[in-house]
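The following note sets out points for a colleague who has the model open. It moves from the overall fold to the chain contact and then to local backbone geometry.

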Amino acid sequence: MKFTWFHLMPYRFLPDDFKEKYRSVWVDIPRDLYDPKLGHRLYNDYLDQLEFADQMGFDGLGVNEHHQNAYGLMPSPNLMGAAMARRTRNASLVVLGNSIALYNPPIRVAEEFAMLDVISGGRLVAGFPVGTSMDTNFCYGEVPATIREKYNEAHELIIKAWTEKEVFAFNGKFTKLRYVNLWPKPLQQPHPPVWVPGGGSIETWDFCAEHDYQYSFLSYFGYIAGKKVADGYWKVMAKRGKELNPYSLGFAQVVAVANTDEEAERLYAPHMDYFYNRCLHVYNGFADAPGYRTQSTIRSGLLAQVGREAALRREGMTWKDFVDQGYIIAGSPKTVRDRLTHAMKSLNCGHLMILQQMGSMPPEMVRGSTELFAREVMPHMRGMWSGFQDKWSPSPLPESERAMPAPINFKRAETNGKTVHAAPHDSRSAK
Amino acid sequence: MKTSHSIGGGRFAVETYEFGSGEPLIFLHGAVGLTGMDPFLDELGKDFKVIAPHLPGYGDSTGGDLIEDVTDAALFVHQFMDDLGIKSSYLMGHSMGGMLAAETAAHDTSRARKLVLVGPAGFWIDEHPIPDFFAMDLSEMGTCLFHDPKSPLAQLFLAIPDDMNQLADMYVERVKRLSMASKFLWPIPDRGLKKRAWRIAAPTLLLWGESDRLIPPVYAGEFTSRIKNARLTTIKEAGHLLPYEQQAAFCKAVRDFLKG
């Protein structure tokens, strides 16, 4: 079993009456709600948390791309990947990912991912999402009817740019390039492992099966509702005669660990409420632009991730409901161990994308929950799926061949007549 | 009467509504398409041979994948007229259809004998942004589309069927139509008509609902300033869906212009 510690990087300071006062956390959220001074603290806290997860032995550190919203503050996850590449040592950098239809030309993604892979010594997981409708259609203006075609073309170009030995010309419908010649090329050969995050578009399953990519189902409905999607995915894999290898499926799950079940509720309930009622407060009109989801996905009855229906389903739910229905796996280490083991077994999932900073959770709480998980849950689940080979994790350079960042030494500046004060660590966090 | 035409050597099957007889009047619908209950077309059928195709990707019309932008759409209109043996005729378009009719008339200046543009799309004025139709729920649409969103007509338009299967079908069809429309209108409907509108030679009538809150009447100036032989008539107590909301005044204005 592999564990990727995933960060959404929410804005933690939305007002209490946010849901009543504003129609959407995404797309047209008022700009004056964002305070860049608090933002400065947040980014640094969040990077600290990811670095901490590396030190606690998690296999991967996850980041993703979203635009114009307070749900996740990473318009460019590659910047986060770059920051992590220098300050983490062992974990994979799971950039999940770049919405490749949005880049013009899309070789920008091939280049930046290659850079991250080279800087990190081959620790990159390359994620290729289509991106949410809010991000792609409403914020970035992509025509819903053609975004999937554009995605497919961008994918073809990026893979070709990574793998082709010679300079080549690319005559696409959306991108035309006379000379494609990637410098640098990725360290992992032929290219970093590709994971495709999806919210439940059924075409994605075929796409992953066809290319041997890992499919990551990112849902906030939890593992019980997620089973329908996982079953659909495995059905497609079985039909194509693929090995039902748990490592070819990733699943995002909210997990919160405390010393006891009661303590978990007391500590985390308000922050989960913040997540579900503020971070996911997306105006229905932005949830699903006409043509964004294909007709077959709509007909399949799979629920859109956000919007009115998703919100109605959550309406009036208490902590107990969230826990009972599997949206959240929370409680003492034993409770979490048992439920999470059961959840991963029921989904046949080998890559857990664990969400431990949710909504307004402050740093010390994130640290506590993460540490408890790493010490008292993770070791017990490690051995799951030991009979399977994980073909979807990066293959970094051996430790002995990897470059290490030089130690930071501000004293050098003093010798030039300047003094640089680093603030003590505990005063840096946003409270 | 509903019929189907095979267009472009079978590339498109085009569901077409035809009414009356006389001089052909081709009508291009707006983003939401025809409802199948479009009484102003029957009414105009008393004086003209009204031919109202569902654009590819709408209703039972096929070939939506072959149309990706306004040029493809305008070429489709040319092909449709060619295959129906119509060299030149009255051409009318509503909203998105007005944009496509104007494009068609600009490409080939002999196509339209006379041009009627009803609350047409095709421009963007920073000072008067067009509300985002694609992000609206039904009640917002009501406010944007009708002079009186509380009228029985508006309520009929905005009704949601009780039957779940019917609702699912309606939803899928709506998504299909708006997905086609997004090729011309998303995210901003300016696709270069401002470069081409000067070529339009046909006498042109702009018809606007006085309380059009989707494409406000101020947009008429973009057309009348570029099209040499254009004039504007606004219709009182009408919103963006003026052919439905003020059918009599609308049909009279069209008739007077085309017959005059």
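**Notes on the predicted model**

1. Among contacts in chain A between residues at least 6 apart in sequence, 78% connect residues at least 24 apart. The model is a predicted one, and the points below should be read accordingly.

2. The secondary structure of chain A consists of 17 helices and 11 strands. Its C-alpha trace extends over about 65 × 60 × 50 Å along the principal axes.

3. Does the radius of gyration of chain A agree or disagree with that of a compact globule? For 431 residues such a globule would have a radius of gyration near 22 Å, and the 21 Å found for chain A agrees with this. Of the 431 residues in chain A, 48% are buried.

4. The two chains touch: 15 residues of chain A are in contact with 15 residues of chain B. On the chain B side, the residues that touch chain A divide into 9 nonpolar, 2 polar and 4 charged. As a general remark, interface size is often expressed as the accessible area lost when the parts come together.

5. The next points list departures from each.

6. In chain A, the peptide bond from Asn104(A) to Pro105(A) is cis, with omega near -5°. Pro105(A) sits in the loop that runs between strand E3 (92-95) and helix H4 (107-119) of chain A.

7. Chain B also contains a cis peptide bond, from Trp186(B) to Pro187(B), with omega near -15°. Here the proline, Pro187(B), belongs to the loop between helix H6 (164-185) and helix H7 (193-196) of chain B.

8. Trp385(A), a residue other than glycine, has a positive phi, near 65°. The loop between helix H16 (378-381) and helix H17 (411-415) of chain A holds Trp385(A). Is Trp385(A) buried or exposed? Trp385(A) is buried, because 20 other C-beta atoms lie within 10 Å and the cut-off for burial is 20 or more.

9. A positive phi is likewise found at Ser95(B), near 60°, again in a residue other than glycine. Ser95(B) is placed in the loop between strand E5 (89-94) and helix H3 (96-107) of chain B. Ser95(B) has 29 C-beta neighbours inside 10 Å and therefore counts as buried.

Notes
Residues numbered from 1 in each chain as written. Chains lettered and ligands numbered in written order. Predicted model: local features only at pLDDT ≥ 70, side-chain atom pairs only at ≥ 80, totals over all residues. Helix = DSSP H or I, 4+ residues; strand = E, 2+ residues; numbered from the N terminus. Rg over C-alpha atoms; globule rule 2.2 N^0.38 Å. Buried ≥ 20, exposed ≤ 12 C-beta atoms within 10 Å, placed from the backbone. Contact = placed C-beta atoms within 7 Å. Nonpolar A, V, L, I, M, F, W, Y, C, P; charged D, E, K, R; others polar.
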